[in-house]
Amino acid sequence: ATAAVEVDQAFVIANASTGKNWPANGFDYGGTRFSPLEQINTDNVKQLGPAWTYDLQSERGIEATPIVVDGVMYVTASWSVVHALDARTGKKLWSYDPHVPRRMAYKACCDVVNRGVAVYKGKVYVGSLDGRLIALDAGTGKKVWEQDTVSDHSRSYTITGAPRVVKGKVIIGNGGAEFGVRGYVTAYDAETGKQAWRWFVVPGDPSKPYEDESMAKAAKTWDPAGKYWEAGGGGTVWNSMVYDPELNLLYIGTGNASPWSQHQRSPAGGDNLYVASIVALNPDTGKYVWHYQETPGDSWDYTSVQDLILADLKLDGKTRKVILHAPKNGFFFVIDRTNGRFISAKNFVDVNWATGYDKNGRPIEVANVRSPDKPFDIIPGPFGGHNWHSMSYSPLTGLAYFPAQNVPLNLANDKRWSGQGSNKPGQPMSGIGWNTAMLINSQTPKSKPFGRLIAWDPVNQREAWRHEYVSPWNGGTLATAGNLVFEGTADARIIAFNARTGQQLWDSPTGTGVIAAPISYEIDGKQYISVAAGWGGVYGESQRASEGNTPGTVYTFVLGGKAPLPKFTEYQRGALLSGVKYDPKDVEAGTALYVSNCVFCHGVPGVDKGGNLPNLGYVDKTFIEHLDQFVFNGPFVSKGMPDFTGKLTPDDVEKIKAFIQGTADAVRPSTP
Ligand SMILES: O=C(O)c1cc(C(=O)O)c2c(n1)C(=O)C(=O)c1cc(C(=O)O)[nH]c1-2
Ligand SMILES: [Ca+2]
């Protein structure tokens with residue numbers, strides 16, 4: 001192999017019309033995830049079969065879009081481990097483990113995931129969960145350089161997103177806005193690793209000079225009475241970045257505000273720029289060019305980091321350069337990418353926080369949605385009407401394809417929150433540093449969960465077709481010139497649909513739920529479809545829609561493929577917990593402690609069914625009886641479980657045990 005030395009800007013642009021490689025995260029700079037390959041089409045897709053599979057040796061979520069160049073596939077597993085494979089056979093060429101310290105996993109809100117690498121001029125770039133950006137030799141997997149992207153290690157910064165390379169610079173953002181961080185995006189010289197620029201998304205401490213004019217302007221939209229800079233303000237850029245070479249603009253999607261509750265961080269309100277926005281930057285300098293804010297004054301974890309797609313649409317008889325976007329807040333946006341002007345927005349799922357957008361692109365908010373006193377069943381909830389699962393856009397059908405969903409949650413401003421780190425039992429995951437300033441499910445949410453694939457017509461802002469799934473949290477999508485859409489599912493399959501009609505044409509089991517997006521490439525005249533499967537991500541840690549629990553695997557398909565599938569394994573769920581002795585008086589305090597320390601990873605005992613982490617209502621009784629041995633520097637710290645030494649007392653653990661057994665007892669069906 002030539003180890004991808006020829007991958008540069010011209011290569012990526014030229015490849016967009018041949019589709020032989022998959023050289024960038026979103027396939028092309030515009031992030032269309034549209035493959036022009038058409039060997040596999042609606043007539044023959046039924047003959048698709050496995051060409052090879054590859055064991056990623058991973059038990060946690062797999063979110064990577066593989067990169068394929070020159071017959072080599074570069075894909076990441078959980079814990080930011082990179083694998084280089086022969087894309088024809090699945091044979092391993094090398095792997096690279098950045099050895100992320102397992103003890104820092106608590107700093108990641110949403111599983112120890114990684115969304116893939118970037119490849120450029122003979123190097124492979126990966127962001128590690130602990131915040132390093134690492135350049136590897138594409139031929140050998142040996143480290144060439146490494147940079148620490150974290151500005152403040154006392155905060156919970158991570159990297160889960162894939163780096164992007166634009167004009168010789170590697171660009172990366174961070175995660176962390178559930179905990180209290182200040183979001184930013186940084187560019188490094190691809191060759192040397194030297195930092196080229198950094199753009200902050202939200203303003204810092206107003207008593208210090210602002211980094212640039214965009215920060216001075218943003219500061220006017222925040223209320224200093226909320227001391228927003230102490231919690232950080234949020235706006236993390238943890239997923240999508242796309243690039244328009246003609247306009248020379250880099251577009252980033254920014255994340256939610258931190259803390260979530262606007263009453264706490266900016267009590268007088270305000271737009272709180274530039275959270276929950278699309279921002280255009282000059283990729284050479286990192287200078288702000290324009291922004292469009294999708295959720296002004298976000299108070300609900302409404303990230304706008306979902307896949308941005310650049311498309312040219314015919315609107316009112318004129319071809320317009322636009323951005324297509326379906327962020328968490330439930331509206332599908334069409335934005336003019338030359339200047340950031342709003343063109344249109346329409347809800348793609350039921351939404352109860354706004355009735356629509358006015359002609360200036362401001363949401364028309366529903367009264368009481370920001371009540372400081374009343375809990376609210378916000379729809380979409382913080383999991384989003386659409387999360388990070390990749391969207392694709394076919395210029396042939398003119399449709400965008402993405403997994404939409406509802407995960408019911410109830411939110412309430414938490415009046416007890418009094419600043420970063422002021423955590424009290426009952427504040428969700430605050431025991432490991434979350435700072436949402438919101439109570440979650442203080443009332444039981446009433447909406448119903450669902451997951452569906454939506455084909456969306458952005459010109460007419462309406463759904464063209466949909467396919468309903470058994471649960472939320474389905475995979476990203478791939479559109480092809482064979483008039484097909486491919487998507488992996490929460491119930492452990494990969495499916496091919498007719499891109500125009502939504503008719504299901506083919507599927508194959510994957511042994512575990514799929515959340516990442518499929519890709520396509522061609523070698524020696526053969527078209528391949530490939531997807532990295534591995535159930536997880538924030539929803540998949542505690543929930544599941546299939547019993548499949550097969551370790552992370554790359555599945556690659558070809559017409560007439562007959563390779564064997566791996567031996568599938570199933571989730572081991574024991575009987576409902578019984579017999580752990582507890583004092584019923586402890587259940588209430590135990591509930592608050594469980595919410596603060598355990599719930600997002602392990603779910604509700606005996607109610608949820610376990611995800612890639614066990615549900616504690618279905619484990620062996622001896623585990624719970626000896627819970628202290630697991631909580632305090634226990635055997636699972638080496639798998640990423642936090643060490644609660646100094647955070648919880650042995651008495652707290654007794655109360656948590658009471659909650660676990662008490663809840664299991666409460667849900668046990670009474671025997672007649
Ligand atoms: O605010 C943030 O910084 C941040 C980071 C991440 C992440 O890095 O994975 C997620 C989220 N937020 C988030 O809100 C979210 O729903 C989410 C889901 C996932 C995932 O990988 O399944 N990550 C994240
Ligand atoms: Ca978030």
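Asn 256 is buried, at a relative accessible area of 1%. Here buried means under 20% relative accessible area, exposed means over 50%, and partly exposed lies in between (1.4 Å probe, protein chains only). This is a predicted model, in which local features need pLDDT of at least 70, side-chain atom pairs count only at pLDDT 80 or more, and totals for chains, interfaces and linings use all residues. Residues are numbered from 1 along each chain as its sequence is written, chains are lettered from A and ligands numbered from 1 in the order in which they are written, and side-chain values use heavy atoms, with hydrogens and water left out.

**Calcium site.** Asn 256 gives its OD1 atom to the calcium ion (ligand 2). Donors are N, O and S atoms within 2.8 Å of the metal (3.2 Å for Na, K and Ca); water is not among the atoms, so sites may look incomplete. The spacing of the donor residues in sequence is E-x77-N-x44-D. Asn 256 and Asp 301 link distant parts of the chain, 45 residues apart. Asn 256 sits in the loop between strand 17 (249-253) and strand 18 (257-258). Asp 301 sits in the loop between strand 20 (288-293) and strand 21 (309-315). Helices (H or I, at least four residues) and strands (E, at least two) are DSSP runs, numbered from the N terminus. Asp 301 is also buried, with a relative accessible area of 5%.

**Ligand 1.** There are 21 residues around ligand 1. Near means a heavy atom within 4 Å. Glu 63, Thr 160, Gly 176, Thr 236 and Lys 328 come nearest.

| Side chain | Distance to an oxygen atom of ligand 1 |
|---|---|
| Thr 236 | 2.6 Å |
| Trp 388 | 2.9 Å |
| Asp 301 | 3.2 Å |

**Nonpolar cores.** A nonpolar core is a set of buried Ala, Val, Leu, Ile, Met, Phe, Trp, Tyr and Cys residues joined through side-chain atoms within 4.5 Å. The largest has 59 residues. Tyr 251, Trp 290, Leu 324, Phe 332, Phe 348, Trp 353 and Phe 402 have the most contacts inside it. Another core lies apart from it, with 51 residues, among them Val 82, Val 124, Ile 171 and Val 181. Beyond its neighbours within four places in sequence, Phe 348 is in contact with residues including Phe 331, Phe 332, Phe 402, Ile 454 and Trp 456. Contact means heavy atoms within 4.5 Å.

**Tyr 228.** Tyr 228 belongs to helix 3 (residues 228-231). Tyr 228 is buried, at 2% relative accessibility. Outside four places in sequence, its contacts include Pro 203, Trp 222, Asp 223 and Arg 265.

**Cysteines.** The whole structure holds one disulfide, a pair of cysteine sulfur atoms within 2.5 Å. The bond joins Cys 109 to Cys 110, S to S 2.2 Å. The torsion about this S-S bond is about -100°, so the disulfide is left-handed. Cys 109 is partly exposed, at 22%. Cys 598 is in no disulfide. The sulfur of Cys 601 is 8.6 Å from the closest cysteine sulfur, that of Cys 598, too far for a bond. Cys 598 is buried, at 12% relative accessible area, while Cys 601 is partly exposed, at 24%.

Terms used:
A polar contact is a pair of N or O atoms within 3.5 Å; within protein, one must be able to donate a hydrogen and the other to accept it, and residues adjacent in sequence count only if both atoms are side-chain atoms.
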